[in-house]
Structure formats: structure tokens, C-alpha cells
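Reader: I have a structure open and would like to go through it with you. Can we take it piece by piece?

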Amino acid sequence: MKCARGFHFFQRKFWQNQAVILSLFFAGVSASAIEHQTDSISVSNEKVKTSGSEIFTGSLKLETTQYPTALPGNSQLSTDSNLIGNFKLKKTEGMKALVDVTAANSLSQDRSHFGVSELYAGQSWRDSKTQIFVGRKLEYWSLVDSDWQLGQWQPTFSQIDALKPLDQGLTGLFWQQSEGEHEFLGFVTPAFIPSMGPDVQEKNGNLVSDSRWYRQPSSTFAYQGVVTRVVYSLDIPDLAKLVANPGAGIRYKFGGQGPGLWFSSNLGYKPINSLLLGYRTILKTPEIDPRGEVTVVPVVGYHTLGGADLGYRFKKGMLAFSYLADKPENKYPEDNWFQQQPIRFQAFAMHSEANLDLIGFFEPVGVSLNYLRITGGSIQDVDSNKAPQGALFDNRFIFTNAATFKVDMKTYAFKKRMISSFKYMREFDQ
């Protein structure tokens with residue numbers, strides 16, 4: 001991290017609407033101005049080694065991304081090159097364990113990132129029908145949440161590329177029980193690790209960043225007819241206070257291992273993965289002090305989260321429908337403070353996929369078509385009297401009415417295995 005104090009807040013700006021995701025690690029503040037990525041070139045090399053029950057996978061990838069427009073005053077952010085390394089160590093027998101680490105260094109910017117998607121150990125009984133794990137672990141909770149990376153069940157890691165966030169596992173105790181086609185999953189945790197976005201520094205009363213995914217807040221505004229300077233400061237609570245927020249969740253799934261009907265449901269009470277924003281403003285008459293002071297603080301919010309998936313798996317394809325909704329817990333600020341209050345959302349999604357046998361491909365070509373529709377999900381700012389006070393950012397999600405089309409192909413070229421993927425996404429509302 002580049003600063004000794006701070007937090008991450010990740011703002012994604014659209015043409016008319018805005019969406020905000022707040023995230024915290026140890027220091028820094030971040031936000032984003034979202035634009036479409038037009039060209040991405042990557043070269044990678046992957047190695048796999050096995051030793052008994054231990055499997056090590058390592059990959060090193062050089063990825064260059066070109067964006068369609070230059071940012072005013074930051075044209076150097078139109079191109080970004082990253083050297084990305086991913087390392088996985090998995091133990092499959094006896095005491096099971098997995099470590100999944102991703103590290104990246106930007107060749108075009110002076111920054112580096114480090115993330116841990118999974119880090120757990122556990123034990124199985126009754127031919128793996130009963131399993132208990134402790135640590136950070138990725139699990140299937142909701143189809144719409146995983147397809148669209150909404151970050152409601154599991155946090156995301158957006159520091160490397162905000163357009164391609166990495167899913168991060170929840171941290172705690174996991175219990176899984178399987179009986180035939182029935183599968184139960186339970187999760188409890190005493191700790192909370194939120195989503196993480198790009199780095200931002202507090203510098204000379206401003207919040208600045210060398211990331212393309214940050215839109216700096218205004219440094220001046222008109223007050224009583226006088227141009228007033230805005231000075232920002234960060235009030236960071238004790239890290240233990242932010243992390244020590246418990247949560248729990250359960251999931252039931254029937255079928256899905258072979259052709260036929262399958263069903264899944266989920267329910268949880270846990271912190272909202274994106275930190276909320278609390279702030280206080282101090283304004284004096286221009287004659288006394290021609291400055292406005294804004295103090296920003298991260299706040300942990302809670303919500304009840306639940307949904308269900310219903311699908312049918314064919315021999316070479318699947319069709320499924322998914323629903324997810326939440327009910328945020330009302331939390332109000334102290335006197336003279338304002339705070340974001342999320343509004344409940346409902347997400348509806350359709351997922352379809354097919355594996356096609358085509359000439360020239362040694363494996364079936366995967367084709368998928370997904371659709372997402374979200375209602376609600378806005379954010380309003382409230383004061384200590386529970387009265388709405390407008391909204392700094394008015395949406396919790398980067399997509400609210402969107403469709404994607406994706407093709408995955410595997411073939412050989414010049415006696416070398418080649419894997420390629422194409423994805424097209426269209427947002428209809430924003």
C-alpha cells in the first residue's frame with residue numbers, strides 16, 4: 001500500500017447513473033470511472049506439477065489492455081500492462097488444503113497488488129460425504145451472483161482490473177454434508193474481509209490515485225456565492241473493529257451432477273461486502289474560513305441475503321433461472337454525520353449454455369448466453385434523524401439490465417494447444 005492510513009472506496013461511473021462499491025483492506029481509498037475495454041492481449045505460460053496427493057499449478061501472464069478513450073489529464077492511463085502471477089497448491093488426500101494466491105505488478109504504473117482467493121484446510125469423513133474446512137474458501141452460493149460477480153455473497157478483488165474482478169472466498173468455518181443428490185452447506189465466521197478496489201492516497205487535502213478506475217471528488221464548490229476549497233480527510237477506525245463483524249449462511253442443493261432437474265436455495269445474514277460511506281461536512285462563512293472540510297469514514301453494513309436457482313441439465317448443455325434479493329439493515333449515523341443507506345434489491349437472471357462438437361476443435365466449443373435484470377438496489381444518504389439527504393452515488397451495481405454472449409474454444413495451432421475465449425456484454429439501461 002502507498003499510504004499509511006486510509007480505506008478503499010471503489011466508485012464506478014456510468015454515462016448518467018453511478019454505482020458505488022466501498023472496500024477496505026489496510027489503507028488507501030479508491031473509486032472508478034467505468035468505460036468499455038476494447039482490446040486485451042495476454043500471453044501466459046502455465047506449469048503443473050504433481051507429487052502424490054499434492055498438486056502445484058503456476059502461471060505467469062503478461063496482459064496488456066487498451067481503452068478506447070483518454071482520461072483528461074491522465075492520458076497515460078489509456079494503456080495498462082500487468083505481469084500477473086497465479087500460484088495454487090492443493091492437497092487432495094488426508095488433511096485437504098488449498099492455497100490460491102495472485103500477485104500483479106503494473107509495468108506502466110508504479111503499483112503492485114497481492115490477493116488471496118483461497119487459503120483453507122479441512123478434513124473429510126464417510127467417503128467425503130461429510131467435510132469441514134477452516135479458512136478462506138470459494139463456494140457456490142448463487143448462480144446470478146457468480147455469473148455477474150455481483151459481490152453479494154463473496155467479496156471481489158478489483159485492484160488489478162476493475163472490468164475483470166477476481167472472486168474471493170468467505171473466511172470462516174465451512175460444513176458440507178452430502179447424501180445422494182442432496183447437498184447441505186453451512187458457514188459461520190467471526191471476521192469480515194470486504195471487497196477491495198484500487199489504491200487512493202490522501203495528499204494535500206485531496207484524494208488522488210494513479211488508477212484509471214478512480215474519479216477524484218471535486219476540490220471546490222460555490223458556497224454563498226464564493227468559490228470554496230474542499231479539504232478531505234480520512235477518519236479510519238481501529239482495524240479490529242472493522243474486521244470483527246460476524247456472519248453466517250446456509251445453502252441447500254438438489255441434483256445438478258448429471259442430466260436432469262436441479263435446484264438450489266441460499267440464505268444468509270452477513271456484512272455487506274462493499275463498505276458504506278459515512279461523512280461529515282464543516283462549513284463556515286467565507287469571511288471566517290474560505291474552506292470546507294469533509295471527513296470520510298468507512299462503515300460496515302449488514303443485510304439478510306437469500307435466493308434460489310432452478311435449472312435443467314442436458315447431456316451437453318444447461319438452462320437455469322436464478323433469483324437473489326437482500327434486505328439491508330437500517331443503520332443511522334451520529335449527530336452531524338451523514339451515511340449511506342442501501343435500498344433492497346431483487347436480481348433475476350437467465351443462464352443458458354451448450355457444448356457444441358465442431359470440426360477443428362478437439363473439445364466441444366462452449367457457448368453461453370446470460371441475461372440479468374435488477375430492480376431496486378439504489379443508495380440514499382441519511383442523517384442522524386433518519387431523514388434522506390439525497391445521494392452521493394445512486395446505485396449499488398455496475399449492471400442492472402444486461403446480457404452477455406460468450407464462446408470458449410480449445411484447439412491446436414502449430415502443434416501447440418491453444419485456448420481462446422470471446423465475450424460480448426451489453427448494458428441496456430446505463
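Author: Start with one side chain: a polar atom of the side chain of Q149 lies 2.7 Å from the backbone oxygen of P165. That is a polar contact, meaning a pair of N or O atoms within 3.5 Å; within protein, one must be able to donate a hydrogen and the other to accept it, and residues adjacent in sequence count only if both atoms are side-chain atoms.

Reader: Before going on, what kind of model is this?

Author: It is a predicted model, in which local features need pLDDT of at least 70 and side-chain atom pairs count only at pLDDT 80 or more, while totals for chains, interfaces and linings use all residues. Residues are numbered from 1 along each chain as its sequence is written, and side-chain values use heavy atoms, with hydrogens and water left out.

Reader: Ok. Where does Q149 lie?

Author: Q149 is in the loop between helix 1 (143-147) and strand 10 (156-157). Helices (H or I, at least four residues) and strands (E, at least two) are DSSP runs, numbered from the N terminus.

Reader: Which residues does Q149 touch?

Author: Leaving out residues up to four places away in sequence, Q149 touches V144, T156, P165, L166 and D167. Contact here means heavy atoms within 4.5 Å.

Reader: What about the phi of Q149?

Author: Q149 has a positive phi of about 50 degrees, although it is not a glycine. Most residues other than glycine have a negative phi. K386 also has a positive phi, of about 70 degrees, and is not a glycine.

Reader: Where is K386?

Author: K386 lies in the loop between strand 27 (379-383) and strand 28 (401-413). It counts as exposed because its relative accessibility is 55%.

Reader: Changing topic. How many helices and strands are in the chain?

Author: The chain has two helices and 29 strands. Of its 430 residues, 47% count as buried.

Reader: How many residues does the largest nonpolar core have?

Author: The largest nonpolar core has 23 residues, and V144, W148, L150, F345, A347, L372 and I374 have the most contacts inside it. A nonpolar core is a set of buried Ala, Val, Leu, Ile, Met, Phe, Trp, Tyr and Cys residues joined through side-chain atoms within 4.5 Å.

Reader: Which strands supply residues of this core?

Author: Strand 12 (170-179), strand 13 (182-189), strand 25 (345-356) and strand 26 (365-376) each supply at least two residues of this core. Strand 25 gives the largest share, three residues. Another core, of eight residues, lies apart from this one, and V230, L277, Y279 and V294 are among its members.

Reader: You mentioned F345. What does F345 touch?

Author: Not counting residues up to four places away in sequence, the contacts of F345 include L305, L324, I374 and F397.

Reader: Which sense do strand 20 and strand 21 pair in?

Author: Strand 20 (residues 276-283) and strand 21 (residues 291-299) pair in the antiparallel sense over eight bridges. Two strands pair if DSSP finds at least two bridges between them. In this pairing L277 stands opposite P298 in strand 21.

Reader: And strand 20 with strand 24?

Author: Strand 20 and strand 24 (residues 338-342) pair in the antiparallel sense over two bridges. G278 has Q339 in strand 24 as its bridge partner.

Reader: How many salt bridges does the structure hold?

Author: Eight. A salt bridge is a side-chain nitrogen of Lys or Arg within 4 Å of a carboxyl oxygen of Asp or Glu. One of them joins R251 and E183, with the closest N and O atoms 2.1 Å apart. R251 lies in strand 18 (residues 247-254) and E183 in strand 13, so the pair ties together parts that are 68 residues apart in sequence. Both R251 and E183 are buried.

Reader: What about K410 and E363?

Author: Their side chains meet in a salt bridge (3.4 Å, N to O). K410 is in strand 28 and E363 in the loop between strand 25 and strand 26, 47 residues apart. K410 is partly exposed, because its relative accessible area is 29%.

Note on methods. Buried means under 20% relative accessible area, exposed over 50%, partly exposed in between (1.4 Å probe, protein chains only).
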